[in-house]
Amino acid sequence: MFKKMLKIHHTIHFILIFIFTSCGQSSLYISTLGNDANPGSIDKPFASFEKAQQEARKKTGNITIYLRAGIYYLDRTVIFTSEDSRGQNETTTYRAFPNEKVIISGATRLKLQWEDHEDGIKRAKINKTIEFDQLFINGKLQRMARYPNYNMDSQYYGGTSKNAISEERVAKWRNPQGGFVHALHKHEWGGYQYSIQGKDEHGALILNGGFQNNRKMGMHPDHRFVENIFEELDTIGEWYYHREERFLYYYPPADLDLQLAKIEVPQLKHLIEFRGSEKGPVQNITIKGVELIHTTRTFMENKEPLLRSDWTIYRGGAILFEGAEQCIIKNCNIHSLGSNAIFFSNYNQHNEVSGNHIFNIGASGICFVGDPKAVRSPSFEYHEFIPLEDLDKIPGPKNNNYPARNLVRDNLIHDIGRIEKQTAGVQISMSQFITVSHNTIYNLPRAGINISEGTWGGHLIEYNDVFNTVLETGDHGSFNSWGRDRFWHPNYDTLCTLTMKHPELIRLDPIVTTVIRNNRFRCDHGWDIDLDDGSTNYHIYNNLCLNGGIKLREGFFRKVENNIMINNTFHPHVWFENSGDVFIRNIVTRPYAPIRLKGWGKLIDFNLLPDSNSLDKAHQAGTDQHSMYGNPGFKDPASGNFQVEESSSAAELGFVNFSMDSFGVLSTGLKDLALKVPLPKYLAPINTEESHQIVDWMGLTIKNLNTPEERSSTGMSKEAGVLVLDVSSWSKFNGYLNKGDVILSLGGRPTQKVGDLEKNHEMIDKNRVVDMLVFRNQQSQIIRIQN
């Protein structure tokens with residue numbers, strides 16, 4: 001029986017050889033057991049990528065380089081240049097041999113002799129110079145010695161403490177040089193990292209860093225942790241590399257035999273690079289069916305600001321494209337990385353990322369970032385603005401050095417941003433015509449899909465399933481965008497005046513409409529769709545929003561139609577008088593939540609609202625003259641079918657059902673692996689009244705700042721303070737306070753709520769001058785009020 005099975009196996013083997021080497025296609029082979037002196041045949045394969053590359057360059061037509069089973073530990077990055085390109089309708093494909101597992105690793109494997117140290121800790125001498133940035137034992141990432149210890153149930157960073165770098169804690173560390181401090185942004189808009197340079201003469205830490213976020217406001221006071229400190233090596237699974245002693249210290253679990261364990265230490269930032277240019281592109285190369293793992297962390301190189309968005313970036317990843325055309329990453333497992341997974345930098349056109357499983361990534365999943373030199377009149381920080389007389393007023397980019405017409409399709413992307421927090425499943429900046437279609441994206445600290453600015457639009461975001469987002473940050477959405485483009489100014493009043501007088505500026509950068517359609521979004525810590533500062537020229541339709549609703553902050557020319565917002569609503573924030581916005585034929589299940597509007601856009605009508613009070617308020621605002629209210633009549637919300645019955649009032653208003661089973665990945669294998677979106681329990685509309693008390697005080701109309709909408713519109717880091725809704729002309733605060741200010745303190749006394757302000761009434765009367773701390777234009781400032 002065994003001989004018969006062996007004969008069948010050999011028959012299949014030779015059939016495969018015949019298939020792979022016929023049909024006019026050349027084949028080469030690489031094996032971990034190969035030799036570069038071999039001819040590269042299936043029986044005598046090469047050992048290295050470099051040798052296969054050299055031989056492939058000599059051949060014409062289609063060529064496939066098969067990688068046989070095994071782990072390929074790279075000692076240098078595999079680099080493709082224009083020399084590796086194929087002609088039109090020809091392809092070079094690097095792929096795993098059928099039914100064999102191929103792993104490409106940027107780590108080095110260590111054989112170590114362990115000895116006892118103390119308190120259950122082992123140590124091993126390192127006899128060669130290597131970088132210790134991450135440590136994998138038997139394929140599992142171990143934790144650098146840290147405080148507080150890692151806790152998978154903690155919301156932020158696996159555990160944080162406001163005492164992480166306290167004077168008392170730092171005093172325990174003999175030599176913390178080489179350690180790192182990780183912290184959330186003060187307003188939870190991403191995070192920061194710092195390297196510890198040592199201590200000063202007073203024993204305080206000397207830190208370098210804090211440049212990983214383009215809104216530089218400092219560390220969060222509570223959410224911090226420190227790592228790579230020898231004295232914090234105190235729990236199972238932690239490690240520390242002592243550079244001076246050249247000893248690796250590790251606290252193993254009791255059941256681990258370290259002498260038999262597989263020890264891997266990442267060494268490379270990038271595994272594969274496509275390195276070309278617009279004039280000399282890398283063309284027609286496919287990477288297929290392999291596993292890509294183990295790159296180093298790059299958070300201390302994340303310094304480049306992405307125009308005036310909240311982002312900075314490191315231009316790199318496990319796979320880096322720069323100057324590529326018609327190149328494809330397909331059906332790969334990409335995981336256990338310290339930095340970005342796939343990065344498209346500058347000129348890249350007609351490339352594809354499809355069918356991949358991308359997970360356990362230190363930074364972002366897939367990034368598209370163009371060249372700032374292609375941007376006309378670029379600004380690089382929130383408060384920067386180029387004066388009108390100096391502004392380049394020619395629409396569009398200066399050159400082609402940016403990603404365009406690339407496809408991200410059918411990818412499963414999850415557990416992203418494990419180290420860096422201003423990250424996304426798919427990030428787009430200074431790019432055009434990027435299609436993001438049929439991806440399933442979840443478990444992220446910030447947005448699932450992010451567009452950093454309007455340059456240059458034309459993106460298509462469709463049929464994605466995005467949920468479990470904004471898990472470690474705040475004031476964001478499953479989809480997020482900014483649009484601080486040439487027309488935008490950080491001072492809202494100046495911005496209103498500028499765009500009123502010069503409407504021709506508005507679409508200088510977002511020259512083509514970006515479409516968001518047929519997606520399913522769920523965000524439990526923000527908005528399902530969040531078009532933030534300045535986002536302009538969007539068409540949003542046929543989206544199922546399961547929890548967070550749709551927010552449009554100030555911007556222009558957004559058409560939002562035929563969307564469903566479950567247990568939430570429409571959030572127009574800080575709109576201009578003539579925004580040109582349209583909101584029609586949508587189903588909202590809570591009252592509108594407007595904040596500081598100068599106008600209600602071009603048309604708000606034909607929507608289904610939850611109740612009569614909601615519709616009455618809309619009529620009072622001058623909107624929704626043809627809209628109706630009532631129960632939408634969803635077919636089967638418990639199973640996720642939010643299509644409406646034919647008898648629904650929504651259908652009468654023109655709402656058209658769209659598919660409820662076309663979201664997310666298409667491949668059967670990825671579907672089987674993907675987590676299912678948590679479906680909300682639909683809460684039928686009820687009559688609602690404004691529950692937050694509004695108070696008149698000394699000519700001010702004020703209320704407690706206590707909703708996520710108010711927090712977002714003002715830019716506050718938390719829901720606290722007293723929000724100014726209006727200032728009467730006769731008020732003594734007239735000329736000092738503005739509508740939309742948040743009062744944080746009066747005379748040095750905090751004002752967390754209206755009651756705190758009322759208690760301090762006497763300070764205004766008794767003192768000739770009193771200082772009031774207010775939050776305005778997303779920064780704190782002291783207003784000196786004189787009686």
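## A tour of the predicted model

Select strand 9 (residues 122-125) and strand 19 (residues 247-250): the two pair in the antiparallel sense over four bridges. Strands here are DSSP E runs of at least two residues, helices are H or I runs of at least four, and both are numbered from the N terminus. Pairing requires at least two DSSP bridges between two strands. This is a predicted model, in which local features need pLDDT of at least 70 and side-chain atom pairs count only at pLDDT 80 or more, while totals for chains, interfaces and linings use all residues. Residues are numbered from 1 along each chain as its sequence is written, and side-chain values use heavy atoms, with hydrogens and water left out.

**Stop 1: the sheet.** Stay on strand 19 and pick Tyr250, the bridge partner of Lys122. Now show the open sheet of five strands, in the order 8-9-19-18-12, with mixed pairing. Strand 8 (114-116) and strand 12 (143-144) stand at the edges; each has a single partner strand, so one side of each lacks a neighbour in the sheet.

**Stop 2: helix 2.** Select residues 49-57. The buried residues of this helix are Phe49, Ala52, Gln53, Glu55 and Ala56. Buried means under 20% relative accessible area, exposed means over 50%, and partly exposed is in between (1.4 Å probe, protein chains only). The cover over the buried residues of helix 2 includes strand 1 (26-30), strand 2 (63-67) and strand 5 (92-96). At the N-terminal end, Ser48 caps helix 2, with a side-chain oxygen 3.1 Å from the backbone nitrogen of Lys51.

**Stop 3: Ser309.** Go to the loop between strand 25 (304-305) and strand 26 (312-313), where Ser309 is found. Ser309 counts as buried because its relative accessibility is 1%. Its side chain reaches the backbone oxygen of Leu306 at 2.9 Å. Which residues is Ser309 in contact with, leaving aside its neighbours within four places in sequence? They are Asn214, Ser452, Trp482 and Arg484. Contact means heavy atoms within 4.5 Å.

**Stop 4: the cavities.** The structure holds seven cavities of 30 Å³ or more. A cavity is a set of points, on a 1 Å grid over the protein atoms alone, where a 1.4 Å probe fits but cannot get out; lining residues have an atom within 4 Å of a point. Grid points are joined across faces, edges and corners, and a volume is the space filled by probe spheres set on the points.

- The largest cavity holds about 110 Å³ of space. Of its 15 lining residues, Ser377, Ser379, Arg484, Asp485 and Arg486 lie nearest its centre.
- The second largest cavity has a volume of about 80 Å³. Of its 13 lining residues, Trp189, Asp310, Asp475, Arg484 and Asp532 lie nearest its centre.

Stop 5: Most residues other than glycine have a negative phi, and most peptide bonds are trans. Select Tyr147 and Pro148: the peptide bond from Tyr147 to Pro148 is cis, with omega near -10°. Then try Thr455 and Trp456, where the peptide bond is also cis, with omega near 0°. Trp456 is found in the loop between strand 42 (449-451) and strand 43 (460-462).

Next, check phi. Asn537 is not a glycine, yet has a positive phi of about 70°. Asn537 counts as buried, at 5% relative accessibility. Finish at Arg585, in the loop between strand 55 (582-584) and strand 56 (587-588). Arg585 has a positive phi of about 55°, and at 25% relative accessibility Arg585 counts as partly exposed.

Notes: A polar contact is a pair of N or O atoms within 3.5 Å; within protein, one must be able to donate a hydrogen and the other to accept it, and residues adjacent in sequence count only if both atoms are side-chain atoms. On a 1 Å grid over the protein atoms alone, a cavity is a set of points where a 1.4 Å probe fits but cannot get out, and a pocket is an open set with protein on both sides within 12 Å along at least five of seven lines; lining residues have an atom within 4 Å of a point.
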